[in-house]
2 protein chains.
Amino acid sequence: MAVFLDGKETSAKISEELKSQVAALKAKGIQPTLALILTGTDQYSIRYVNIKAKRAEEIGIATKIHHLEKTTQLELTSLITILGADPTIHGILVQLPLHEGLNEQEVISTIPLVKDVDGLSQFTMGKLLMGEDCYFPAGVAAIFEMLKRYSIDEREKHWVICGMSNIVGKPLAACLSNRKTIVTFLQKDDPRITEYTKQADILVTELFKKHAINIDGVKNGVVVIDFGNNYEGKKVYGDIDTEGVSHIASAITPVPGGIGPLLITMLLSNTVKAASY
Amino acid sequence: MAVFLDGKETSAKISEELKSQVAALKAKGIQPTLALILTGTDQYSIRYVNIKAKRAEEIGIATKIHHLEKTTQLELTSLITILGADPTIHGILVQLPLHEGLNEQEVISTIPLVKDVDGLSQFTMGKLLMGEDCYFPAGVAAIFEMLKRYSIDEREKHWVICGMSNIVGKPLAACLSNRKTIVTFLQKDDPRITEYTKQADILVTELFKKHAINIDGVKNGVVVIDFGNNYEGKKVYGDIDTEGVSHIASAITPVPGGIGPLLITMLLSNTVKAASY
């Protein structure tokens, strides 16, 4: 029977550690500060940015929300440039997607590497791929942190990544390309997914499809990280049939309560690191 | 019996096309120009830069070689900054490895995206991974060009990449993460390589080991791209036992004369593109 990788408990532990680190920084006169930039009026984005700010404040990180309901490319990139040069700001997060008409590529490319605590700029991605020092995107950091906390050895394993999003699959593959691992990746709509998931020692899914993979799609002892977040009314399901797969997996992240709760925590961890330099 | 993918012939064809494109640019008053920066006194690097310059001149690209036998980080990055701002320079190539004491990461990160015709800066790598427009590194461009010229369909295939160097394996995987493909990659010293090469529809190797893979390590109909360049005296061998594998492969790049001859050509192709904007 699989160990359930508990994201809530793990997140709570890490948050306590971060709280101490922030207190230590404050004692040295450093107030870790995160700037959150939000464009448009999408209610989900507004709510999510507010949750990020609240979670940051809870561990002692100060936040500055810049909500630009209507903005231009120039205003937005100018704001990032100003925040980039401001020594009291340690991290800059731009909530994606941007509102219509703004060029996401250009905007995120203006975030300076040392403040890219969201880890999603092209420069950060390039450094991830080259194996150079940079902030890991929250999803990637969350995976490694979870494995570490549960003492799951990730080396010399065959990872299978299903779904190549800009925020999880791609940076994860980039990162693993520098490690002693074997990696197979597929697009989320590939019809042959289960042929490959069966090979996985560590399986990471972001398929946007409830219970797309069941016990027939995995091998004994697999470690499963499920980024699925599939709503049916108010109930949320993973990409994996957690209950079924848990009979043969060695470890699995439940949905809800698995990898999800770690995401904001890892953003905050990056911010604390950024303030520590 | 496999088709031999002829790099010399393909390179000659592309060079002819580039010659016409350069002539057309010159007729519009644009002289495509490539700056080549060389540090140290390594004879192999000096020779290779000179060959690149000669090949460029042959198709009408002007070259400026900056040979800094002894230099500092500051002098080198200042030179790149000046060349980056010079409108008569279309491409900047920094020959790697740099001489001892110079920080390669920092140096290549100063090459502006629009002049990074070698495609190896972190910003270019990040854009490759995100599927954004940029110059492909020569090795990656050479693979896609070779497949295109021989009408080999690369979509919905299972690619297996053996060896994750900064110049071939990593950018290739990054690039493929945006396409409808399945990709498996492994480090060059992974003991389980042949378990995975047998799955490949398209096999790319950079193993630095003569005939590391023979007929038992591939499946029927495989397309093989061999970046091996293993010298025994004056004779060069690929990573693949070309003769043996050719009995069941559908296509294979010989060594010598396969993918190698395309590398400089793709650099020149990027330079001509850079001059065309």
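Mentor: Two residues are in contact if their C-beta atoms, placed from the backbone, lie within 7 Å. Helices (H or I, at least four residues) and strands (E, at least two) are DSSP runs, numbered from the N terminus. In helix 2 of chain A, the residues A:I51, A:K52, A:R55 and A:A56 meet A:I264, A:L267 and A:L268 of helix 10 of chain A. By class, this contact of helix 2 of chain A with helix 10 of chain A has five nonpolar, no polar and two charged residues, where Ala, Val, Leu, Ile, Met, Phe, Trp, Tyr, Cys and Pro count as nonpolar, Asp, Glu, Lys and Arg as charged, and the others, Gly among them, as polar.

Trainee: What should I keep in mind about the origin and numbering of the model?
Mentor: This is a predicted model, in which local features need pLDDT of at least 70 and side-chain atom pairs count only at pLDDT 80 or more, while totals for chains, interfaces and linings use all residues. Residues are numbered from 1 along each chain as its sequence is written, and chains are lettered from A and ligands numbered from 1 in the order in which they are written.

Trainee: At roughly what angle do the axes of helix 2 of chain A and helix 10 of chain A cross?
Mentor: Two packed helices are described by the angle between their axes and the distance between the axes. Axes are lines fitted to C-alpha atoms, for helices over the stretch in contact, and angles run from 0 to 180 degrees between N-to-C directions. For helix 2 (residues 43-58) and helix 10 (residues 260-276) of chain A, the axes come within 10 Å and cross at roughly 55°. That makes helix 2 of chain A oblique to helix 10 of chain A, since angles under 35 degrees count as roughly parallel, over 145 as roughly antiparallel, 65 to 115 as roughly perpendicular and the rest as oblique. The crossing of helix 2 of chain A with helix 10 of chain A is right-handed; a crossing is left-handed if the near helix is turned anticlockwise from the far one by less than a right angle, and right-handed if clockwise.

Trainee: How do helix 1 of chain B and helix 10 of chain B cross?
Mentor: Here the axes of helix 1 (residues 7-27) of chain B and helix 10 of chain B come within 9 Å and cross at roughly 15°. That makes helix 1 of chain B roughly parallel to helix 10 of chain B, and the crossing between helix 1 and helix 10 of chain B is left-handed. This contact of helix 1 of chain B with helix 10 of chain B has nine nonpolar, nine polar and one charged residues.

Trainee: Is helix 7 of chain A largely enclosed or open?
Mentor: A residue is buried if 20 or more other C-beta atoms lie within 10 Å of its own, exposed if 12 or fewer, and partly exposed in between, with the C-beta atoms placed from the backbone. Eight of the eight residues of helix 7 (residues 169-176) of chain A are buried, so helix 7 of chain A is largely enclosed by the rest of the structure. Among them are A:K170 and A:C175.

Trainee: Is A:G7 buried or exposed?
Mentor: A:G7, in helix 1 (residues 7-27) of chain A, is buried, with 23 other C-beta atoms within 10 Å. Beyond its neighbours within four places in sequence, A:G7 is in contact with residues including A:T253, A:G257 and A:P261. The C-alpha atoms of A:G7 and A:M146 are separated by 7.7 Å, although these residues are 139 residues apart along the chain.

Trainee: Which backbone features deserve attention?
Mentor: Most residues other than glycine have a negative phi, and most peptide bonds are trans. The peptide bond from A:L96 to A:P97 is cis, with omega near -5°, and A:P97 is in the loop between strand 4 (91-94) and helix 4 (104-109) of chain A. In chain B, the bond from B:V255 to B:P256 is cis, with omega near 0°. B:E156, not a glycine, has a positive phi of about 55° and counts as partly exposed, with 14 C-beta neighbours inside 10 Å. B:F208, also not a glycine, has a positive phi of about 55°.

Trainee: How many residues of chain B are in contact with chain A?
Mentor: 26 residues of chain B are in contact with 26 residues of chain A. On the side of chain B that touches chain A, the largest share, eight residues, comes from helix 5 of chain B.
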